[in-house]
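Let us walk through the side-chain contacts of one protein model.

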Amino acid sequence: MNKADLVAAVAANAEISKVKAGAAIDAAIDAIVEALKKGDNVQLIGFGTFSVVKRNARKGINPKTKAVIDIKAKKAVKFKAGAKLAL
């Protein structure tokens, strides 16, 4: 499912226009991104939890050249599935 499919499904289920459904999805995604940028967790009960984790710097191997490379520390988004999403 891509974003257009999601917008169509939300519009059909909520009985609203695709434009309004698209705006609602965009607003929800923007709110989640902003919360994660602040370092907050986003918990959607039953669906799952988005959180920010810190990845430490480490050594890696370039698979093409087999050379050892330095991988910088960074922040990444982690998602833990909730009960309704567990298939």
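Which residue forms a salt bridge with Lys3? The partner is Asp26, and the closest N and O atoms are 2.3 Å apart. A salt bridge here is a side-chain nitrogen of Lys or Arg within 4 Å of a carboxyl oxygen of Asp or Glu. This is a predicted model, where local features need pLDDT of at least 70, side-chain atom pairs count only at pLDDT 80 or more, and totals for chains, interfaces and linings use all residues. Residues are numbered from 1 along each chain as its sequence is written, and side-chain values use heavy atoms, with hydrogens and water left out.

Back to the charged pair. Lys3 and Asp26 form a salt bridge. Lys3 lies in helix H1 (residues 3-14) and Asp26 in helix H2 (residues 18-37), so the pair links distant parts of the chain, 23 residues apart. Helices (H or I, at least four residues) and strands (E, at least two) are DSSP runs, numbered from the N terminus. How accessible are the two ends? Lys3 has a relative accessible area of 44%, which makes it partly exposed. Asp26 is partly exposed too, at 32% relative accessibility. The scale is this: buried means under 20% relative accessible area, exposed over 50%, and partly exposed in between (1.4 Å probe, protein chains only).

By the salt-bridge rule the count comes to 2. Asp70 also forms one, with Lys59, and there the closest N and O atoms are 2.6 Å apart. This pair joins strands: Asp70 sits in strand S4 (residues 68-71), Lys59 in strand S3 (residues 58-61). They are 11 residues apart, and the pair links distant parts of the chain. Both Asp70 and Lys59 are exposed.

Now the rings. How many aromatic pairs does a search of the whole structure find? It finds 2. Rings of Phe, Tyr and Trp (its six-membered ring) pair if their centres lie within 6.5 Å; planes under 30 degrees apart count as stacked, over 60 as edge-to-face and the rest as tilted.

Phe47 and Phe79 form a tilted pair, 5.5 Å centre to centre with 55 degrees between the planes. Phe47 is in the loop between strand S1 (42-44) and strand S2 (48-55), while Phe79 is in strand S5 (residues 74-81), 32 residues apart. Phe47 is partly exposed at 38% relative accessible area, and Phe79 is partly exposed at 35%.

Phe79 also pairs with Phe50, again tilted: 4.8 Å centre to centre, 50 degrees between the planes. Phe50 belongs to strand S2 and Phe79 to strand S5, 29 residues apart.
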